[in-house]
Amino acid sequence: MTTRPEGTDHRERFRRPVSPNEWLYLAFERREGAPFVIQLVVEGRGTIEPGTLRRAVAEASRACPGARLALAGRTWVDSGRAPAVREVTDLGQGLLAPLEPRTGRSCEVVVAAGEPTTLVFRAHHAVMDGRGLLCWALDVFRALRGEELVGAASPLYDLALLDELTGTGAARRRRRQQANWPSPLGGMRRTGAPSPASPRAGAHWARRTLDGVHHDLVAKIAAAVTDASGAAARVMVPVDLRRHRPGLRASGNLTLPVFLEGGPGQGWSEWREKLLGALLADEELAAGEERHALRLPRGALHLLGSTAGAAFSALGRFPCTALVSHLGRIEPEAVHAPGFEADTVYSLPVQVPLVPVSFTTLEFGRHTQLVVSAGEGQDTADAEALLDAVCETLSPARDRRVGGGRARQSQAPATLTSMLRDQVGRTPDAVALTGPEGPVSYLGLDRRSDAVAAELRARGIGPGAVVGLLTDRTPAAIAGLWGVLKAGAAYLPLDPGHPPARIAALLADSGAAICLVSEAHEALPGDGIPVLALDGLPVEGAEPAGEIAAPDSVAYVIYTSGSTGVPKGVQVEHRALVAYARWAGERYGIDATSRFALFTSLAFDLTGTAIFLPLLAGGSIALVPGEVGHRTLTELLTRSGANALKLTPAHLDLLTSLGAEPDGFRSLVVGGEQLRGPAAARAQRLFGPGCRIFNEYGPTEATIGCVVHTFDPETDGDRAAVPIGLPVDGTEAVLLDGDGRPVGPGETGELHLTGAQLARGYLGRPELDHERFVRLADGARAYRTGDLATLAGHGALEFLGRTDDQLSIRGFRIEPGEVEAVLERHPQVTRAVAAARPGPAGEPLLCAWVTVTGGSRPEPEALRDQAARLLPSHLVPTAVRVVDTFPLTVNGKIDQAALPSPFEEDRPPREPTSPAADGDPLTTAVAAVWSRVLGAADRSIGPGDAFHQLGGDSLTLLLMLSEVAAELVHEEGQQAFQTAVHGLLRNVTVERVCAAVRTANAGHNPGATT
């Protein structure tokens, strides 16, 4: 940290005379109820131990001795005493307390505990200006964090610096121009202020917070104030003289004003030109020289300070209409400390008697803070009305929110477990689960989950713990999930199909205490964590679990792709899931007759719809275990008894191509990626007019879904993309531009979501919480989705893409950085780039390009295998291409648009062969199916061709296998074919598919296909 050298008497080194301006500031301090004090307010969450804060204040004040000044005759001297840290219960009184520079009490820190915790850095204006106060305050926070202090040790003040600057030739020219510069006390304007009959009672401030950074803020405020007054205006703008001495570290008064004049109707750009012109001409220096020459006696300054305000107010005329001061930008990181996180920082206007209205502004993070103060004798209501008018000009109210309304107040807080218990009490014998193992009643599920909860409690696992859940879609899995919740813990759903290294990494990152597994998967978690096989637990007999979870308990942790190469765990609380279940159950018409088919991975938050909605409404779940193939999906549509589905648009495309004839479906909830109008229209025709299709939008961080649109074939069927709709009850959406300001209808902005469904945050990743979970101007917590959207003319939100390079493929949000990081682990790969490319039907496919080093190039298949060993299937590139170099843009970045096709190798094309010419009709038939599914009619497909190298992905693979089975496999061989193809899914070639067909058809007469 910065400290003074040993043996140096800081008080002797830091002393300077009191300037005439500062005598005037000292005169103002005698005015009752309006201390002439600069005040910076920091509001946040958490606490700072008082002793720790006092030590930090003392350390920062040694580096900024201007915080320790005392008046000795006509000189400021460093008293050597640290400013006080004063704890108060009434913050309002703390803000009005005077400071006494004559006794060495020129600065202090006021602390008010509570919600929020508030720190106020206060300095008498005679010893500091706003920028000086900020230097000191930021050093206090640096000291709290144990960082090196910046300090402000120079004794320079305004008139001393002015003397240095005006010795230049430019300054002499300015002095010759002084005749054209108006006196600050001349040209007084009638302001239209209320008469002294309605004076304000003591000091008063009004504050507003605006979303975003508003460029040219001073000019925009000046224009808004002038328009609101309806008369010519004169605006005082303090200018920091430090701009003339870059690098100057001084906390004293180094601010002099410029005065801008204009009339109503002048746009802010005209005011901006006036301000820029004044700054380019250094007019604050010319004004300062005039004030320097004034040098009134001390007695006259005291008289001016005590009488001027009342005199000007009585006349209704003031030297200016308003004062507008902009303190600049403060980053949130600059005002955090261990145990304390700042939410808001703002500066209070000094109570200036010569000015009817004073504004202070500063930017904090993605917000702009505006505070107004009424001058002596002025009505505070008028000042607040003026502030409202300024805010409306900067950020019109009509642009701020797209809302679904507040959550219903009559719905008491609840947990998932309490809602399930209530449902068990209402319908104990109703069917909760169906599937290959037979039906399970609500009472049976309740007792089986009690047994899981009892076993976890016996092992000391309860609230605050994370429990892995590594199972297939079985009754044991559902009982395990509810058992974890009944124990008060959070479950971490894991996919048995993911690589063991991935499973172990997620368990370790989450700090899971134990992993619940199916017996078939006991070895997958590895040796680093205890496992508990669900199959061996009793199905009843345990003591019923009491209510342990609370609404703010974490219910589950689900991992999503991470931009830094590390997946991130999202913590979702009970209350967020309860909010989702309540609105979605009503919106989707879920009741005791509803049955959702569960066929997607438990590790995908989309699956929560099929798990929670039916069980909390008395309905049931049709479990679809095992690998999902064409036969499984066909049976799901025709024999499972399901009448509701939650699925991705890619799944929807696949179901419509199976040739099945579903009957009785009432609800299709589609989410995870953009839904195309024609695809939804095909599904509507297949499932019939009685089935409603809902387009549900919502990132994992906002709990499954919170924006929804009901598909209308008449209006949406031809749209390239179905609207995502409007926020549901309890959720609001805000669209903000690149500067964080609200955009209007029809304009594009980043979608921010607020409300009851927001996740707690990322597990163990506070830096990501700060980046993605932000505060809006009204204090509401919001999630920055990274998705671009617009409020279209038809009144619904439309999704328009991403603000970053995150991809959405098959319902999964994919950070390319995670894929690239894994590929770059290969010893020969020097750099990797992952991006999406359109597949045969226009759907996005995940692809990668790599540069390598070494003698021989690695085969693309070896690189895919590298990814498959470490990543789940949706993160494994469909194709990997080795390139010599990456194409670059003019600014040196990789030009993704210029990357070569990922599906073509840099090798001489093989001689096309005609499978039919080889005399093998089965190879010809399989190749024909591939050509049709992949849209590759223009190229020859031979026995050794690999499906993924031709642009296929997992869902087009299912479609291909479905069509092969329907056309080439005998009915009695369908199950055998599905079993056979599971062994070749990582390397699907024409010849291997043909072998599976022959195996399935063995012993039957398939006709011409053998």
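Tutor: Let's start at Thr703, which is found in the loop between strand E30 (692–697) and strand E31 (707–710). Keep in mind that this model is predicted.

Student: What makes Thr703 count as buried?

Tutor: Its relative accessible area is 0%. Buried means under 20%, so Thr703 passes. There's something else about Thr703: its phi is positive, about 65°, although the residue is not a glycine.

Student: Where does Asp216 sit, and why is Asp216 called partly exposed?

Tutor: Asp216 lies in the loop between strand E9 (205–211) and helix H8 (217–229). Its relative accessible area is 31%. Buried needs under 20% and exposed needs over 50%, so 31% lands in between and Asp216 is partly exposed. Asp216 also has a positive phi, about 55°, without being a glycine.

Student: On to rings. Why do Tyr580 and Trp583 count as a pair, and what kind of pair are they?

Tutor: Their ring centres are 5.4 Å apart, and the limit is 6.5 Å, so they pair. The planes sit at 85°. Anything over 60 degrees is edge-to-face, so that's the label here. By this rule the count comes to 13 aromatic pairs.

Student: Where are Tyr580 and Trp583 in the chain?

Tutor: Both are in helix H17 (residues 574–587), 3 residues apart, which is about one turn of the helix.

Student: How do you know whether Tyr580 and Trp583 are buried or exposed?

Tutor: Tyr580 has a relative accessible area of 1%, and Trp583 is at 9%. The cut-off for buried is under 20%, so Tyr580 is buried, and so is Trp583.

Student: What makes you say that a charge sits over the ring of Tyr346?

Tutor: The charged end of Arg207 is 4.0 Å from the centre of that ring.

Student: How do you describe the way helix H13 and helix H15 meet?

Tutor: Two packed helices are described by the angle between their axes and the distance between the axes. For H13 (residues 416–426) and H15 (residues 475–486), the axes come within 9 Å and cross at roughly 120°. Leu416, Thr417 and Leu420 of H13 make the contact with Trp482, Leu485 and Lys486 of H15.

Student: What kinds of residues make up that contact?

Tutor: There are 4 nonpolar, 1 polar and 1 charged. Lys counts as charged, so Lys486 is the charged one.

Notes
Residues numbered from 1 in each chain as written. Predicted model: local features only at pLDDT ≥ 70, side-chain atom pairs only at ≥ 80, totals over all residues. Heavy atoms only, no water. Phe/Tyr/Trp six-rings, centres within 6.5 Å; stacked < 30°, edge-to-face > 60°. Helix = DSSP H or I, 4+ residues; strand = E, 2+ residues; numbered from the N terminus. Buried < 20%, exposed > 50% of the residue type's maximum accessible area, 1.4 Å probe, protein only. Lys NZ or Arg CZ within 6 Å of the ring centre and 35° of its normal. Axes fitted to C-alpha atoms, helices over the stretch in contact; angles between N-to-C directions. Contact = heavy atoms within 4.5 Å.
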